[in-house]
Amino acid sequence: MAKKRPQTKAKRPQLTDGARAAGADGNFPVVGAREPCPCGSGRRYKACHGRAAAHAVTELVHRPFEGLPGECDWVALRELVPAATVELPLKDGLPDGVPSVTLATVLPMAWPALRREDGSVLLGLQNDTSSGDISRDLADTLRRALVADPGSPVQARRAPADGPRLQDLLDPEGAFEPVVHSGFEFWVPDPENATPEVAASLERANSAAIPTVKLSGVDSAYWCETPEKNHLRWVMPHSEERLLDALARLHAAGRSSLGEGTRLVGSFRAHGLTVPVWDLPTGVGAEDVEKPAAEFAERLAEALAADAPLTSDERRARGGLTNRQVTLS
């Protein structure tokens, strides 16, 4: 067995003037783990202030999009929708030389972000992130994209543990209105003249995209088409326990379907929200479930308002729904 390193009781490192200039509040820029800590202690960063920073970076944020307009649609675009874009209004307005900022589900070559030749910014949502806080990672990417050279992608990196989150950068009163696309032609202003690499990536992405439509009559519900059957996946803002109780009440009463041949089959759990899923017959399109979905929303509101204990049938229905729940994140 390896010997334990003897523990010594040392005084808390004091900030030097240089360190105060870097971060007077005790928050320091991210440096290499084996580099000297910016606080001036003489210890390596990983053995000093890097410990707290590493914990902050890896700690999982259960609902990273909470507080943003359109939280349910953020979750849908992150996990369920292949091709979509949303214009993002910034809290302090657009910087000079940046005509627009657009959130995109996916970018070519899985770039985290892209600054186009005209200065506009595309921010990718469905990328792997380096910490447990997607919002902080995306905010770091967005800030770097705003100052990147036009015509260049933004590379991935570890976001500073004390950096801003999307909630700090985006207009809290701004609208969040996703536009769902049939393909990824929005990647480039002129798809016909795209580089060979981008054109090949575009072709691969388009061939793999599942046809998806956002319903217009209810919030955050997305119809999709698969070879065997169609589905409706509906991201809901209610607390999980309350929503499952309400769905169980409707299911036990035979009121949870969206019409003949449709069936509530379970739910996803994603970024702190619950996403009920219905199986639909192949011939049922998005327009066919608009009215049934609106009617279901009314039934669900009634069930959510009920506070009586679940009956035995409702408890069994709830157990069945819980057993068919899949966690995406």
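Me: At what angle do helix 7 and helix 9 pack?
Reply: Helix 7 (residues 240–252) and helix 9 (residues 312–323) pack at about 120°, and their axes are 8 Å apart. Axes are lines fitted to C-alpha atoms, for helices over the stretch in contact, and angles run from 0 to 180 degrees between N-to-C directions. Helices (H or I, at least four residues) and strands (E, at least two) are DSSP runs, numbered from the N terminus. This is a predicted model: local features need pLDDT of at least 70, side-chain atom pairs count only at pLDDT 80 or more, and totals for chains, interfaces and linings use all residues. Residues are numbered from 1 along each chain as its sequence is written, and side-chain values use heavy atoms, leaving out hydrogens and water.

Me: Why are helix 7 and helix 9 called oblique?
Reply: Angles under 35 degrees count as roughly parallel, over 145 as roughly antiparallel, 65 to 115 as roughly perpendicular and the rest as oblique; helix 7 and helix 9 are therefore oblique to each other.

Me: Which residues of helix 7 and helix 9 make the contact?
Reply: Helix 7 contributes E241, L244, D245, L247, A248, R249, H251 and A252, while helix 9 contributes D313, E314, A317, R318, L321 and T322. Contact means heavy atoms within 4.5 Å.

Me: Changing topic, how many aromatic pairs does the structure hold?
Reply: The structure holds seven aromatic pairs. Rings of Phe, Tyr and Trp (its six-membered ring) pair if their centres lie within 6.5 Å; planes under 30 degrees apart count as stacked, over 60 as edge-to-face and the rest as tilted. One of the pairs is F65 with W74, which is stacked, at 5.3 Å centre to centre and 20° between the planes.

Me: Is F65 buried or exposed?
Reply: F65 is buried, with a relative accessible area of 1%, and W74 is also buried, at 1%. Buried means under 20% relative accessible area, exposed over 50%, partly exposed in between (1.4 Å probe, protein chains only).

Me: What about W234 and F296?
Reply: W234 and F296 form a tilted pair, 5.9 Å centre to centre with 55° between the planes. W234 lies in strand 9 (residues 230–234) and F296 in helix 8 (residues 290–305), so the pair ties together parts that are 62 residues apart in sequence.

Me: And L103, where is that found?
Reply: L103 is in strand 2 (residues 101–104) and counts as buried at 1% relative accessibility. Leaving aside neighbours within four places in sequence, L103 contacts residues including W74 and F176. W74 and F176 form one aromatic cluster with F65.
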